[in-house]
Amino acid sequence: MTQMSTRSMRRRRKRTTASSSSTSRNYVIVIAKKMTVGAAILLLAYLVLHSFVIDNSTSNNDTEKGANGTVGEGFRLPGNKLEFARAMRKKFGRLSDTTTNTSEKHGHHGHGRGRGSAGSDTGIMANTDPQDLFDFVESIRKPMHPLKGGLWQGQGSIVGDNRESGNSKTLSYDINDCPEVPPQHYPMEWSLMDIINHWNPNDTDSHNRRVTGIHQGLCRFDFMTEMHKIVNYRKAELPFLIRDDPAVLEVVKRWNSSESVMVDDATTSTGDVEVKSYLSSILGDTKYRTEYSETNSLMYFMAKKGKGKRGGPPKDWSPPLENIAMTYDEWLEKAMQSPEDMAPNMPHWYFRVSAKGSAGKVSRNDIRVRKEGSKAAEAHAGDIMFEELPFFKSSSKSLYMVDPKDARGINCRFGMMGNTAAAHFDGSRNFVMLFGGERRYILSHPKNCPNLGLYPRGHPSGRHTAVDWSDPDLEQFPQFAEAYANEVVLQAGDVLYLPTAWFHHIISLDLNWQCNARSGITDTYKHHIEKCGFN
């Protein structure tokens, strides 16, 4: 069975009705009767919490992942996917038992429509049918990018070192059916120059790549059935993908929809109804920080003044982009231009909405470019993002908020076709979500640090590569030819986990909406980064 069909089958499993389930229930009840009252209560609580039963009589064929709707040996999926999602979130600290209706807070923006009624941290409406969410998101996704031909030889293929310089270029694991624990040398990596030559970063036409494939080494886990794997890989501090978390899909559906709103301004008569996109409706006329560049390259920088410990910027340095203020609709007009007007050598805009902490505050960097009313805009945007993305709240530890005491808030960056963020590493772990469109990520292990030609510590663009990945100058950066990487294309509803210090080069393949949240720092790769002067 193909990798894609395996994933489709797993996503649409139905409740198992085999007679062995009834037998197992009776077996559990008999055992419970022989237990002490306390032990029996604990057992029953465990079964109710997880919404599945323990089936000790299931055959080996029944307990293999993907057979008859099982999730690992001995566990069966319930028929209601929403209840299963809730049970899994409770297990991993994701759900709150409190119910909160948030529609009263932002009703004047058409923003709240009872979404919080299923629990303030769920992001799932009480009456939402998960299958409807899956079907809607599948309808807006393009076909997934397959692996480049020859990179995977099927289950059980044998490879040596997972490097091109080793004994093989092929994967030892199926990215859509990864093992319980990370395999040796995970994730697979290839020559960065091979990846770039196969698909140049300036090329946003991904149609050919859906035929020729990509160099993907990351595992893609199904939220509904592979939570145990997700937790294992996260604990190992390795990158991976999560697909089809219903709470994330709920945001995808909202952000890709339109709604009717009442308008009353100089251009329309009072009481007129206008159909606007959902994001346009909730973000309104507030002006947000937007990065402007004369090309598709949007290089991050933070210029320090004076001659501090790290010194100021180099004498010949000039800012690579300009921070301006735009409304969402103003940015969207730019992002909807013809492809010719968004060529690599044409102007590009990167729209940002950020909320820091968990109390609904926007980053000062985002409001300092605004005009009057910035305090109101700060509170407004902060409330919106934390209501829209409740799974990023730092009120408690959760799947996406690993270390809530060191939460960095929410950072949303909306991209237009061609927007390119130069490869860099971040100083904390990161969960990245895409709610519409496609983004290509080229990832590189921190051990590649010496080969990526980074701007040094103290430079305004420190931590970022000085190499133009669309046209590498190997005479100036000969070590770049020795770098290794892998790539992945994020689609609507995908979640990418990036551990501390992993390099990522980002290309917007079309109009897209991305938000991420960082929480906590790990020292797993600290020794690699220190070799490049970052400590």
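Visitor: Why is H198 called buried?

Guide: In this predicted model, H198 has a relative accessible area of 19%. Buried means under 20%, so H198 counts as buried.

Visitor: Where is H198, and which residues is it in contact with?

Guide: You will find H198 in helix α7, residues 192-198. Leaving aside neighbours within four places in sequence, H198 is in contact with K148, R209, T212, G213 and H215.

Visitor: What makes D203 and R209 a salt bridge?

Guide: Their closest N and O atoms are 2.9 Å apart. The cut-off is within 4 Å, so the pair of D203 and R209 counts as a salt bridge.

Visitor: Are those two partners buried or partly exposed?

Guide: R209 is buried, because its relative accessibility is 9% and the limit is under 20%. D203 has 26%, which lies between 20% and 50%, so D203 is partly exposed.

Visitor: How do you know that D177 forms a salt bridge with K229?

Guide: The closest N and O atoms of D177 and K229 are 4.0 Å apart, and the rule asks for within 4 Å. This pair links distant parts of the chain, 52 residues apart: D177 sits in the loop between α6 and β1, and K229 in helix α9.

Visitor: Why is D468 called partly exposed?

Guide: D468 has 43% relative accessibility.

Conventions. Residues are numbered from 1 along each chain as its sequence is written. This is a predicted model: local features need pLDDT of at least 70, side-chain atom pairs count only at pLDDT 80 or more; totals for chains, interfaces and linings use all residues. Side-chain values use heavy atoms; hydrogens and water are left out. Buried means under 20% relative accessible area, exposed over 50%, partly exposed in between (1.4 Å probe, protein chains only). Helices (H or I, at least four residues) and strands (E, at least two) are DSSP runs, numbered from the N terminus. Contact means heavy atoms within 4.5 Å. A salt bridge is a side-chain nitrogen of Lys or Arg within 4 Å of a carboxyl oxygen of Asp or Glu.
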